[in-house]
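Q: I have a model with several chains open on screen. Can you take me through how to read its features, one at a time?

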Amino acid sequence: MNFLVLKISTFFLSVFLLLWIFSLVRRRLLMEEYSFLWVCIAGVFLVLSFFHPIMDKVAHTLGIEYGPSALFLFFNVVTLFILIHVSVQLSDYKSKKRILAQEIALLRDKVEELSRKMNVHESADL
Amino acid sequence: MKTTLIIVPAYQEEANILRVIEDIQAHIADADILVVNDGSMDQTALLAREAGVKVIEHPYNMGIGATVQTGFKYACERNYSKALQIDGDYQHPAQEGPRLLQVLSEEEADMVIGSRFIEYTGYRGSWLRRTGNRLFQWVNALIFGQKIIDNTSGFRAYSHRAIRLLSQTYLGEYPEPESISYLKSLGCKIIEVPVRMRNRPGGKSSITPMKSIYYMVRVLTSIISFNRHSRR
């Protein structure tokens with residue numbers, strides 16, 4: 001009975017996750033390149049909700065007594081990797097943002113210098 | 001065109017910026033002055049412009065590392081052969097500037113650091129600052145075989161080569177100790193010269209005790225990582 005509840009809830013959870021991701025992609029809130037990862041995760045959830053024994057087998061191979069613990073471990077590790085990946089991307093964006101801001105600062109200075117020069121020429125022409 | 005650029009990084013320094021500029025103008029004649037305003041919300045940029053120096057403004061606050069780097073980028077674009085960094089908080093006495101630049105030329109160094117600790121110059125700094133410095137000294141000596149006594153001083157003269165290298169590489173929010181490791185790893189020559197510094201007159205240092213520990217861990221991480229692509 002309990003297993004059935006677990007199966008049904010995992011099933012709905014993964015379907016919900018999938019639909020949510022598709023809707024985010026459709027609304028252009030999530031880029032496809034990132035959606036791939038989340039679709040995979042939802043897929044794993046979906047498969048596991050149907051084929052429960054897989055989890056138990058994997059757990060057993062790893063020497064983990066309780067099947068769901070292996071699942072927790074698996075998702076914790078995946079989350080950790082995702083977080084590191086996101087940090088790397090964040091660093092990349094920050095450094096690109098800094099370069100852009102510096103460029104803007106230097107360009108603004110050039111623009112001001114040029115417009116000053118132009119003003120001088122214009123007033124000389126008059 | 002003048003060949004030396006004085007880079008003055010400034011953030012919320014309306015209380016000091018004019019004194020800094022006057023100090024520079026009084027002691028260093030043959031140089032252009034560039035104030036890099038790091039997104040200050042006060043009168044820093046306005047006052048500097050009124051004093052007749054070049055001002056470049058960041059659109060938002062980006063930290064000292066990015067601010068000094070903007071100065072290097074400017075110097076690189078305009079082909080200055082030397083740069084001198086004087087902070088906008090009136091801590092660095094401009095009268096010592098010519099000596100740093102002179103040592104830079106005479107010794108053909110890439111960076112000359114105005115050092116507070118090299119001999120007794122009246123400056124002590126906080127306990128944590130001294131401990132931190134000792135730690136950097138030790139790590140840098142271990143990795144690069146040169147003992148740099150004042151790793152955190154921002155009062156520095158740079159050669160064209162150093163300007164070019166530092167304009168291309170962002171050294172994080174605390175660039176002073178990292179630039180030493182970075183330049184050393186590329187085989188640059190670094191010299192320290194004792195200077196007498198003022199204690200900060202207005203405002204307070206950006207580094208509190210809690211931040212110091214955070215600062216040390218971050219800087220050490222980056223010093224060790226730089227060593228990865230070190231020459232020797």
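A: Start with contact and angle. Two residues are in contact if their C-beta atoms, placed from the backbone, lie within 7 Å. Angles run from 0 to 180 degrees between N-to-C directions. Keep in mind that this is a predicted model.

Q: Which strands of chain B does helix H4 lie across, and at what angle to E4(B)?
A: Helix H4 of chain B, residues 97-106, lies across strand E1 (4-10), E4, strand E5 (111-115), E6 and E7 of chain B. It runs at about 145° to E4(B).

Q: Which strands does helix H6 of chain B lie across?
A: Helix H6 (residues 160-168) lies across E4, E5 and E6 of chain B. Its angle to E6(B) is about 95°.

Q: Now the sheet itself. In what order do the strands of chain B come?
A: The general idea comes first. Strands of a sheet pair through backbone hydrogen bonds, either parallel or antiparallel. Here seven strands of chain B form an open sheet, ordered E3-E2-E1-E4-E6-E5-E7, with mixed pairing. Strand E3 (54-57) and strand E7 (190-194) of chain B are the edge strands, and each pairs on one side only. On average, neighbouring strands of this sheet are turned by 20° against each other, direction ignored.

Q: How many bridges join strand E4 to strand E6 in chain B?
A: Four bridges join E4 (residues 82-85) to E6 (residues 156-159) of chain B, and these two strands run antiparallel. For a residue pair to look at, B:Leu84 stands opposite B:Ala157 in E6(B).

Q: How do I read the interface between the chains?
A: The size of an interface is often given as the accessible area lost when the parts come together. Here, count residues in contact: twelve of chain B touch eight of chain A. On the chain B side, E3 and helix H3 (64-77) are the elements that give two or more residues. H3(B) supplies the largest share, five residues. By type, that side of chain B divides into seven nonpolar, three polar and two charged residues.

Q: What pattern does chain A follow along the sequence?
A: Chain A reads α-α-α-α. It has four helices and zero strands.

Q: What share of chain A counts as buried?
A: Of its 126 residues, 5% count as buried.

Note on methods: Residues numbered from 1 in each chain as written. Chains lettered and ligands numbered in written order. Predicted model: local features only at pLDDT ≥ 70, side-chain atom pairs only at ≥ 80, totals over all residues. Pairing = 2+ DSSP bridges. Nonpolar A, V, L, I, M, F, W, Y, C, P; charged D, E, K, R; others polar. Buried ≥ 20, exposed ≤ 12 C-beta atoms within 10 Å, placed from the backbone.
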